[in-house]
Amino acid sequence: MAKPCLVYLSAAFLLLTVATSLAPPYSNSSLYHTFLHCLTQHTNSSTQLSNIVFAPTDPSFPTVLQNHVRNARFNNSQIRKPLLIVTPLQESHVQGAVICAKTANVILKIRSGGHDYEGISYVSKEPFIILDMFNLRTITVDITNDVAVVQTGATLGEIYYRIWEKSKVHGFPAGVCPTVGVGGTISAGGYGNMLRKYGLSVDNVIDAQIVDVKGNLLNRKSMGEDLFWGIRGGGGASFGVVLSFTIKLVSVPETVTVFRVEKTLETNVTATDLVVQWQQVAPTTDDRLFMRLLLEPVTSNVVKGGQTIRASVLALFLGGADEVVSILEKEFPLLGLKKENCIEVSWIDSVLWWKDGQSLKNGDKPETLLDRNLNSADFLKRKSDYVQKAISKDELEGIFKTMIELGNIGFAFNPYGGKMGEIPADATPFPHRKGNLFKVQYFVTWHDPSPDAAQKFMNEARRLYNYMTPFVSKNPRSAFLAYRDLDIGVNNFGNNSFEEGEVYGTKYFNDNFDRLVNIKTKVDPDNFFRNEQSIPVRPSKAFQVCPTVGVGGHFCGGGYGNMMRKYGLSIDHSIDAQIVDVKEDFGQNATDLVVQWQKVAPHTDERLFMRLELHPVNSNVGGKHETIRAEVVTLFLGGADELVSLLEKEFPILGLNKDNCIEMSWIESALWWASFRNGTHPNALLNRKLNSAKFLKRSDYVKTPISQDELEWIWKRMI
């Protein structure tokens with residue numbers, strides 16, 4: 001008797017993507033050798049690649065991992081460690097790392113400086129590889145053209161120092177912590193003490209380089225304006241690996257002024273009165289003046305063993321002391337600023353002062369900005385809010401009472417206005433512009449490593465955050481991406497990935513979230529670049545081939561699926577049935593594409609099923625309005641080469657090439673059509689997802705092709 005023949009059915013899908021391979025799980029040892037071999041194949045490098053890839057068995061692995069851990073909450077033995085750490089030295093190393101991680105079906109976490117408050121650049125619930133960018137830190141300053149090219153492994157301190165080396169009257173608007181990595185801070189917006197004069201860091205970025213999901217190295221021109229828009233405030237790690245930013249330098253005077261003035265609830269001018277007036281002045285004063293307000297519970301000088309609230313105003317003024325004193329005597333008399341409170345310094349020395357108020361007294365030099373302060377971290381929790389209406393004196397007194405009861409949690413109020421009110425909310429993904437008085441940072445830091453201590457301090461932050469609900473922005477309650485906070489939502493990358501992403505995405509990006517999703521879906525449709533709060537891809541929910549549909553209703557309705565052109569409906573394959581009788585009554589231009597699709601899809605090879613999905617989406621051209629997106633989603637019972645050859649002749653306007661196709665087994669195709677991410681085990685099809693969706697669907701049949709004019713009429717009504 002002849003042996004049975006095992007035939008593997010191949011399905012090629014029409015998608016603008018290349019899927020991640022469904023590789024089996026690796027041991028650390030086998031992954032190391034497999035990854036290194038792959039990297040050799042995909043890297044044009046004379047470097048000994050084993051020197052840039054670290055496995056957990058490597059003696060240097062713990063040091064490399066911990067050097068850029070900036071939150072001690074994520075530096076313990078219970079935290080999952082990466083399978084590998086890759087420390088690229090050149091661009092091709094990054095390109096190869098993306099290709100090889102994708103081939104291995106292991107997610108890639110991208111770390112620049114490690115300051116992500118929730119550690120998501122070096123922590124994951126899934127097996128992962130860290131791409132640690134710290135070696136890619138070249139900074140090229142061109143004073144003649146007022147620009148600099150900065151690799152994303154550099155720190156802000158290194159940028160400031162390299163600018164200062166070339167010019168004493170140039171600077172860059174970014175954060176006040178010099179060890180923050182460029183990649184993370186700029187791609188999240190880039191907030192600093194010159195934003196009222198010059199805006200955010202991203203408002204001063206004119207070009208970038210990124211490695212996309214296919215390993216291509218792209219600049220602004222080749223990536224396109226959509227993706228360039230997305231990585232300037234939308235979180236670069238959702239879209240690829242940003243290698244560098246080209247930034248515009250800004251002018252700073254030879255002399256600037258810094259000062260710090262403090263009040264408490266126990267001083268003649270109380271902290272409460274100070275904050276009331278600060279809210280009126282800080283967002284509206286001269287745009288050269290930035291006044292941060294710190295509010296902290298401290299030991300009382302009046303009540304033994306008691307606490308009070310200290311309010312500290314820390315300021316940078318792009319000008320001299322006499323001028324800022326004159327301004328604030330008129331606008332902010334309760335501050336009581338005197339010239340002796342002020343320090344006139346160069347801009348680079350102001351950077352040192354903001355890093356450490358004692359730095360100038362200690363004789364610190366600009367070279368200290370090059371110190372990365374490796375492997376040093378406190379335990380911390382941060383949260384954020386936006387205030388759009390001034391908080392009253394009575395409300396402040398209630399807030400201060402709560403802070404004293406909690407005992408440790410503090411605030412940083414960062415004023416807006418000036419340039420921030422002039423830039424449209426959709427100019428970059430960062431939306432928090434006009435209409436916001438100030439941004440709130442909640443901060444609590446501790447040193448006790450015990451889990452009980454962590455729970456205590458994190459609960460303080462959450463309780464104060466809850467108390468602040470009436471006083472902050474609403475619908476959505478906005479948050480700042482660079483102050484990462486997993487309390488506001490986490491993505492588990494299951495079937496509800498888009499809905500989970502929408503929860504935190506609308507808080508971080510407001511109305512810009514939808515455009516970010518469109519960009520993500522276009523450039524990384526398989527969601528390879530993902531983290532706990534990355535931009536999700538957009539599912540085609542209305543048209544999923546859904547594994548949770550009940551057999552009874554589906555078959556009785558005919559049983560429509562993506563192989564019906566080859567094999568007919570489900571009922572065409574039913575040979576018997578049982579029934580209970582209860583005896584009761586109960587791109588091309590989308591228009592051109594659709595015109596040609598109607599001619600081809602019903603008549604082409606019966607092994608080919610081409611579903612056409614039509615959605616109103618935000619336009620990427622000409623401001624805020626909608627357009628129609630046409631997507632062709634396909635199953636072909638055969639290989640990619642044959643499919644491409646077929647559609648080159650029959651459906652040329654589609655422009656299909658082999659790079660758009662994914663070859664896989666039939667069961668993998670069922671998972672893909674159900675919107676499971678690549679690598680999902682088939683047992684996911686057994687999950688019924690009870691009480692998990694809301695939708696409305698209707699149906700019709702078309703017998704005569706719809707004309708171009710009729711389609712355009714339909715589009716108008718859809719929009």
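The axes of helix 12 (residues 393–406) and helix 13 (residues 451–467) come within 11 Å of each other and cross at roughly 165 degrees. Helix 12 is therefore roughly antiparallel to helix 13 (angles over 145 degrees count as roughly antiparallel, under 35 as roughly parallel, 65 to 115 as roughly perpendicular and the rest as oblique). The model is predicted: local features need pLDDT of at least 70, side-chain atom pairs count only at pLDDT 80 or more, and totals for chains, interfaces and linings use all residues. Residues are numbered from 1 along each chain as its sequence is written, and side-chain values use heavy atoms, with hydrogens and water left out.

**Helix 12 and helix 13**
- The crossing of these two helices is right-handed (the near helix is turned clockwise from the far one by less than a right angle).
- G398, I399, T402, M403 and L406 of helix 12 meet E460, R463, L464 and Y467 of helix 13 (contact means heavy atoms within 4.5 Å).
- Five nonpolar, two polar and two charged residues make up the contact of helix 12 with helix 13 (Ala, Val, Leu, Ile, Met, Phe, Trp, Tyr, Cys and Pro count as nonpolar, Asp, Glu, Lys and Arg as charged, and the others, Gly among them, as polar).

**M468**
- M468 lies in the loop between helix 13 and helix 14 (497–509).
- With 0% relative accessibility, M468 counts as buried (buried means under 20% relative accessible area, exposed over 50% and partly exposed in between, with a 1.4 Å probe and protein chains only).
- Beyond its neighbours within four places in sequence, M468 is in contact with D385, I391, I399, F411, Y442 and R477.
- The C-alpha atoms of M468 and G398 are separated by 9.9 Å, although the two residues are 70 apart along the chain.

**Helix 9 and helix 12**
- Helix 9 packs against helix 12 at an angle of about 125 degrees, with the axes 10 Å apart.
- The two helices are therefore oblique to each other.
- A271, T272, D273, V275, V276 and Q279 of helix 9 make the contact with K393, L396, E397 and F400 of helix 12.
- The contact of helix 9 with helix 12 has five nonpolar, two polar and three charged residues.

**Helix 10**
- A321, V324, V325, I327 and L328 are buried in helix 10 (residues 321–331).
- These residues are on the same side of helix 10 because they cover an arc of only 165 degrees around the axis.
- Exposed residues D322 and K330 are carried on the face turned away from the buried side of helix 10.
- The cover over the buried residues of helix 10 includes strand 13 (256–264), helix 9 (271–281) and strand 14 (289–299).

Terms used
Helices (H or I, at least four residues) and strands (E, at least two) are DSSP runs, numbered from the N terminus. The arc is that of the directions from the helix axis to the C-beta atoms. Axes are lines fitted to C-alpha atoms, for helices over the stretch in contact, and angles run from 0 to 180 degrees between N-to-C directions.
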